[in-house]
Amino acid sequence: MIRDTEVTRLIVEQFSKTFLEHIHIDVAIVGAGPSGLTAARYLAKAGKKVVIFERKLSPGGGMWGGGIGYPVIVLKQGHEILEETGTKCVEKDGYWTANSIEAVAKCVAAALDSGAQIFNAMSVEDVMVRDGRICGVVVNWSAIMDVGLHVDPVSIEAKAVIDATGHDCDITRIVEKKYGLNTPTGKIEGEKSMWADEGERKTVEHTAEVFPGLYVTGMAANAVAGAPRMGPIFGGMLLSGKKVAEMVMEKI
Ligand code: 48H
């Protein structure tokens, strides 16, 4: 016989246990798009305690839809990073293509299998700062934020925080507003118009620590640096995720 309240107890007990095991972590990654998922996989594989906080119910970010809703992504570089997850990449004329749904599913599975934790439907709405250094994130349920309820958030301590929030660069925007950034101009330059080659290159180049303890990756790095967008080509996102993981590993 199934006892309904036993289902309730198991859900509440299991989630509370997992959440409490992750209030002191090595790396908090905000956003489960391709760059965040890749960073999580490499960091967790290296033995770091990693959590991705994802605002939406489904991890995957902007990779689900491929280009114009056709579920295909294109790569010019970095296909080996995707292949490590088990995603099939097909070479044609110096480019690689992959099924975007397979790519998301396998990037998520690979991050989890490496030991990363994903908390979905949870938004990061602020950071923790001590002695001029980011040392954690402040989180709330996305549903609470979407409805606009006046419910206070809770804190998670982390040795490093990675902003993988894509075009909006949400976390860097918060830090820019409250403290300014450690970038050449101290501010977010804003994403420029489409130029795939330049956008791919600059995204990786500008993957960086933009404030002590805060790193940017993927489209967030691109937007902070004022680089062109690149459309549905994803190698730069993967290479940026790998690069930020290596940068963080050197520091913590
Ligand atoms: C929790 C949050 C918050 C928050 C946002 O957009 P993404 O896929 O990001 P990337 O950088 O890994 O990949 C970008 C790529 O998908 C893309 O858009 C490209 C290549 N565009 C080119 C072009 O020309 O348009 O994922 C970001 C994730 C999303 O899932 C958000 O829901 C999540 O971050 N997120 N999660 N707290 N405050 N803000």
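At what angle do the axes of helix 7 and helix 9 cross? Hi everyone, let's start there. This is a predicted model, where local features need pLDDT of at least 70, side-chain atom pairs count only at pLDDT 80 or more, and totals for chains, interfaces and linings use all residues. Numbering starts from 1 along each chain as its sequence is written, and side-chain values use heavy atoms, leaving out hydrogens and water.

So, the helices, which are DSSP runs of H or I with at least four residues, numbered from the N terminus. Helix 7 (residues 196-205) and helix 9 (residues 235-251) have axes that cross at roughly 10° and come within 8 Å. Those axes are lines fitted to C-alpha atoms over the stretch in contact, with angles from 0 to 180 degrees between N-to-C directions. That makes the two helices roughly parallel, a label for angles under 35 degrees. On the helix 7 side, the contact (heavy atoms within 4.5 Å) involves E200, T203, V204 and E205. Helix 9 brings G235, G236, M237, L239, S240 and K243.

Now the ligand. Which polar contacts, meaning pairs of N or O atoms within 3.5 Å, does the ligand make? A nitrogen atom of the ligand sits 3.0 Å from a backbone N or O atom of R55. For G62, a polar backbone atom is 2.8 Å from a ligand oxygen atom. With R229, a polar side-chain atom lies 2.7 Å from an oxygen atom of the ligand. Thanks, everyone!

Terms used:
Parallel < 35°, antiparallel > 145°, perpendicular 65-115°, else oblique. Polar contact = N/O pair within 3.5 Å; in protein donor to acceptor, adjacent residues only side chain to side chain.
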